[in-house]
Structure formats: C-alpha cells, structure tokens
Amino acid sequence: MGVDAVAKSSQQPTSVARKQIGMQLREARQQANLDLKDVADAMGPGWSTSKVGRIERGESGRISLPEVDALAKILEMDADTHSNVIALIKQAASKSWWYKYRDVIQGGFRIYADMEACALRLTMYHNNIVPGLLQTAEYARALDRIYFASEPESTLNRRLQLKLERQTFITRKTRPIVVDAILHESAFHTQVGGPAVMEDQLEHLVEMSKRPNITLRVLPFTAGHPLGTATGSFTILDMKPIAGTENNPVVYFDSLVGAACLENPEEVETHRSAIASIRHAALDEVSTRTRLRQVGKTLSRKG
C-alpha cells in the first residue's frame, strides 16, 4: 500500500501548496494596489483576468519559475515572499500521495485528501455514519458495494486500499494527525453490512479511541438538538504552516451533489462554536466507550 512512504513523506500536498501560492500572490497584488486585469495585462500574451483569478484561488495547474519571477517584479514582492512562492512551486510540482489511486478518487475529494494529509488536527462531527478514517474494512466495503454498485470487485478493492492508506495518517507512530471526533448515536444503530460487521466496527471505535491522538465522544439521543436545529456532518481542518506561511483552517462538508470548503474566518468560527456546543452535550470519553460496548453486546445477541 505504500504506507511507509506516506508516513515518512515531508512533502506538502500538491493542492495545498497551490492554495498557498494563490494566497501569497493575491496578498502581494492587493498590497501593490493592482487588480486582476492589471496583472494579466502586465504579464502579456496568454494571460487573462480569469487565469490570474484561477491561480489566486489555487485552481490553476503549474506555474513556471520564470513566470513567478515576472509576477514578483510586477507585484513588487519582497525577497522572503518571492522565496516562499518558489519553494511552494517546487512542492506543487510533486505528485500527491493519492496519485496512484487517481482512477478511483473523485475530483472534489482529491483536494480534501490533500488537505487532510496536511492537517495537524481534524475536528469532526458525524451525524449518521462512521467517518472514513475510523471505518473498518468491512464497514467501508459494505457501503461501497451499495454506492458504487456497478463497479467490479477489483475497483472496489482499490477504493478500499485508498481508504486504508488514508487511515495511516492517524495511526502512524511519528506525528499522527490529531482527531477530535463526535459521532451521533444514530450512526451506531444504523446497520451497515449486518450485525457482525457493526459489532466489529463498534469494537474498532473503542480501540481507536484509546490512541493518544484520538478523542471520541458520542452524542446520545437523549441530548436532543444542542444547537436548537439539526446539523449535517462537517470537519474542521487545522493545517500545518508551509514554506514559513500561516495555513488558515478550513471547514469541509460533502453531500450527494458535491463537496464544499469554507475558509471565511467567521464561517470557521461559527462551526467551532457549533462543535463546542455539541461536545458539551456529548458523553465523555469513558462513557462513550461504555455506550459503544453496550450497543455492541446487543448486536452480538442478534448475531
């Protein structure tokens, strides 16, 4: 699976590097009091306002080092910013860890996979399903066989290998990602794959919650709606600084029609406040393990 390569890699994910490139270029342009058209016109043929906008949003492909040098002159970058952007360009040229799975990883999720690999901490709330990072192989396989019903077993196996490799980021011995997860109790009473699969999944959650980098709490049915309204699943990603620059937190959530990332500080803070309220209403870690074992015993009797 290439687990060792993933665990030991010091390269920052490609799309995260592009995002940082865009942020630094945008800040430099704003400090120079230039708009997108000013930059495009100064760069000359082949450049447009839409191209500059894509680069600043981190959506563009490769930018050459000569183009960076030209932009640095136009934007009057200081030496440190110029050096940081060059370092980021070199990182963005490398392949992401998931590249070998590019045939089975969907476009929108590629960006999340890069950000996840770059995270220091993942703070998540899941209201009806066990999150991928904490799923057993059989639980994940049972879901994929339904969602990707038309795919052959060989492709489903590759999807499973991709998920298992993602999980090495939180199970590796050296600097694992910190996970603070809250799961609604409904996720444990919704059977996936049958009682035996669910029993194993619940025991897996108990064992994962004992890891020093993982905190797991259950929001019980009796807690009602801590926010006064229903809320969907979401993850807050606090990421590592790269190339000497700050890497702002991001809120990620997905649905049947696509995924979205929120970067506005006010929107991020709204979700931090929400998860704080949910955490306050949730069971503590010890009570959570007790609840998981209780549900598991019920499934064992059914099995």
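The model is predicted, so local features need pLDDT of at least 70 and side-chain atom pairs count only at pLDDT 80 or more, whereas totals for chains, interfaces and linings use all residues. Residues are numbered from 1 along each chain as its sequence is written, and side-chain values use heavy atoms, with hydrogens and water left out.

The protein has 13 helices and six strands; helices (H or I, at least four residues) and strands (E, at least two) are DSSP runs numbered from the N terminus. Of its 303 residues, 46% are buried, where buried means under 20% relative accessible area, exposed over 50% and partly exposed in between (1.4 Å probe, protein chains only). Among contacts (heavy atoms within 4.5 Å) between residues at least 6 apart in sequence, 74% join residues at least 24 apart.

Two packed helices are described by the angle between their axes and the distance between the axes. Helix 3 (residues 36-43) and helix 5 (residues 65-75) have axes that come within 10 Å and cross at roughly 125 degrees. That angle makes helix 3 oblique to helix 5. Here axes are lines fitted to C-alpha atoms, for helices over the stretch in contact, and angles run from 0 to 180 degrees between N-to-C directions. Angles under 35 degrees count as roughly parallel, over 145 as roughly antiparallel, 65 to 115 as roughly perpendicular and the rest as oblique. The crossing of helix 3 and helix 5 is right-handed, a term for the near helix being turned clockwise from the far one by less than a right angle, anticlockwise being left-handed. On the side of helix 3 the contact involves Val-39, Ala-42 and Met-43, which meet Glu-67, Ala-70, Leu-71, Ile-74 and Leu-75 in helix 5. By class, this contact has seven nonpolar, no polar and one charged residues; Ala, Val, Leu, Ile, Met, Phe, Trp, Tyr, Cys and Pro count as nonpolar, Asp, Glu, Lys and Arg as charged, and the others, Gly among them, as polar.

Helix 4 (residues 49-56) has Lys-51, Val-52, Gly-53, Ile-55 and Glu-56 as its buried residues. Gly-58 follows helix 4 and has a positive phi, near 75 degrees.

A second pair is formed by helix 8 (residues 137-147) and helix 9 (residues 153-171), whose axes come within 10 Å and cross at roughly 135 degrees. These two helices are therefore oblique to each other, and their crossing is right-handed. Helix 8 contributes Ala-137, Ala-140, Arg-141, Asp-144 and Arg-145 to the contact, and helix 9 contributes Glu-153, Leu-156, Asn-157, Arg-159, Leu-160 and Lys-163. These residues divide into four nonpolar, one polar and six charged.

Within helix 8, Ala-137 is partly exposed, with a relative accessible area of 28%. Its C-alpha atom is separated by 10.0 Å from that of Asn-157, 20 residues away along the chain. Gln-167, in helix 9, is buried, with a relative accessible area of 11%. Leaving aside neighbours within four places in sequence, Gln-167 is in contact with Gly-132, Leu-133, Leu-134 and Gln-135.

Finally, Glu-207 is found in helix 11 (residues 195-208) and is partly exposed, with a relative accessible area of 40%. Glu-207 and Arg-289 are 82 residues apart in sequence and 9.0 Å apart in space, C-alpha to C-alpha.
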